[in-house]
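Please look over the structure below before reading on, and keep it beside you while you go through the points.

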Amino acid sequence: MLKTPLLTLLVLVIAIGGGAGSLSAFLETASPVGAVGAGPWTAFPDAGTPQADPYSRARFAREGGIPLGRSEGIVFTAVRDSAGQALSRDCTYRVQGPVPGARLWTLHATDATGKPLPPLGRRISALHSQMILRRPDQPLTITVSPHPEPDNWLAVTGAGAMHLVLTLLDTPVSAGLQLTELALPQIVRVGCDA
């Protein structure tokens with residue numbers, strides 16, 4: 001008499017649990033849809049729009065992120081330098097070149113899971129366009145390093161992989177410019193701690 005309800009319950013548990021597990025595994029391993037690359041930088045311009053695919057929405061929701069809409073800005077992430085080597089917190093990098101026009105831009109370092117790196121003393125691992133030292137007739141240069149550097153220094157701490165995140169706020173880039181033709185700063189490895 002209880003055999004049929006128990007079998008039905010078992011089938012439902014397997015179906016719902018299997019579906020949730022396979023979706024979680026897919027979100028963990030599959031490449032995001034709609035990525036646009038410019039040098040070492042990757043962006044998902046549709047992530048905050050109604051055109052975003054359901055898997056990207058699920059990924060952002062699971063990670064607790066709030067993607068920017070096209071009118072708000074765009075986020076570029078780099079996991080490798082311009083030579084194709086994975087970014088490491090043990091190394092010093094020079095981020096050099098043009099940054100597209102924006103009302104405000106930020107650059108910060110995260111760990112491989114997307115969490116901001118812990119501060120080095122009172123210095124956080126983030127810079128914004130209002131605090132950058134600019135030199136006439138020279139491209140923007142930011143040094144990303146665990147060691148103090150003159151001029152624009154983005155301090156990083158710890159060991160292991162890192163990501164660099166460049167966020168452009170209120171920029172015409174997100175409103176329709178061809179992202180693949182966009183010029184973004186190069187990330188050049190200067191050296192690593194032995």
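This is a predicted model: local features need pLDDT of at least 70, side-chain atom pairs count only at pLDDT 80 or more; totals for chains, interfaces and linings use all residues.

1. The largest pocket has a volume of about 1300 Å³. It is lined by 42 residues, and those closest to its centre are F44, F60, E63, V75 and T77.

2. Which elements supply at least two residues each to the lining of the largest pocket? They are α1, β2 (41-43), α2 (54-63), β3 (73-78), β5 (104-110) and β9 (163-169), and the largest share, five residues, comes from α2. Sorted by class, this lining has 19 nonpolar, 16 polar and seven charged residues.

3. The second largest pocket holds about 270 Å³ of space. Of the 16 residues that line this second pocket, L133, P139, L140, T141 and N152 are the closest to its centre. Strand β7, which covers residues 141-145, gives the largest share of the lining, three residues, and by class the lining has seven nonpolar, four polar and five charged residues.

4. On the surface, a nonpolar patch is formed by L2, L6, L9 and V13, which together have about 420 Å² of accessible area. One of these residues, V13, has its place in helix α1, which runs over residues 3-29. Is V13 buried or exposed? V13 counts as exposed because its relative accessible area is 52%, and the cut-off for that word is over 50%.

Note on methods:
Residues are numbered from 1 along each chain as its sequence is written. Side-chain values use heavy atoms; hydrogens and water are left out. Patches are made of residues with over 30% relative accessible area and no salt bridge: like charges are joined within 9 Å, nonpolar side chains (Val, Leu, Ile, Met, Phe, Trp, Tyr) within 5 Å. Accessible areas come from the Shrake-Rupley method with a 1.4 Å probe; for residues, only the protein chains shown count as cover. A salt bridge is a side-chain nitrogen of Lys or Arg within 4 Å of a carboxyl oxygen of Asp or Glu. Helices (H or I, at least four residues) and strands (E, at least two) are DSSP runs, numbered from the N terminus. Buried means under 20% relative accessible area, exposed over 50%, partly exposed in between (1.4 Å probe, protein chains only). On a 1 Å grid over the protein atoms alone, a cavity is a set of points where a 1.4 Å probe fits but cannot get out, and a pocket is an open set with protein on both sides within 12 Å along at least five of seven lines; lining residues have an atom within 4 Å of a point. Grid points are joined across faces, edges and corners, and a volume is the space filled by probe spheres set on the points. Ala, Val, Leu, Ile, Met, Phe, Trp, Tyr, Cys and Pro count as nonpolar, Asp, Glu, Lys and Arg as charged, and the others, Gly among them, as polar.
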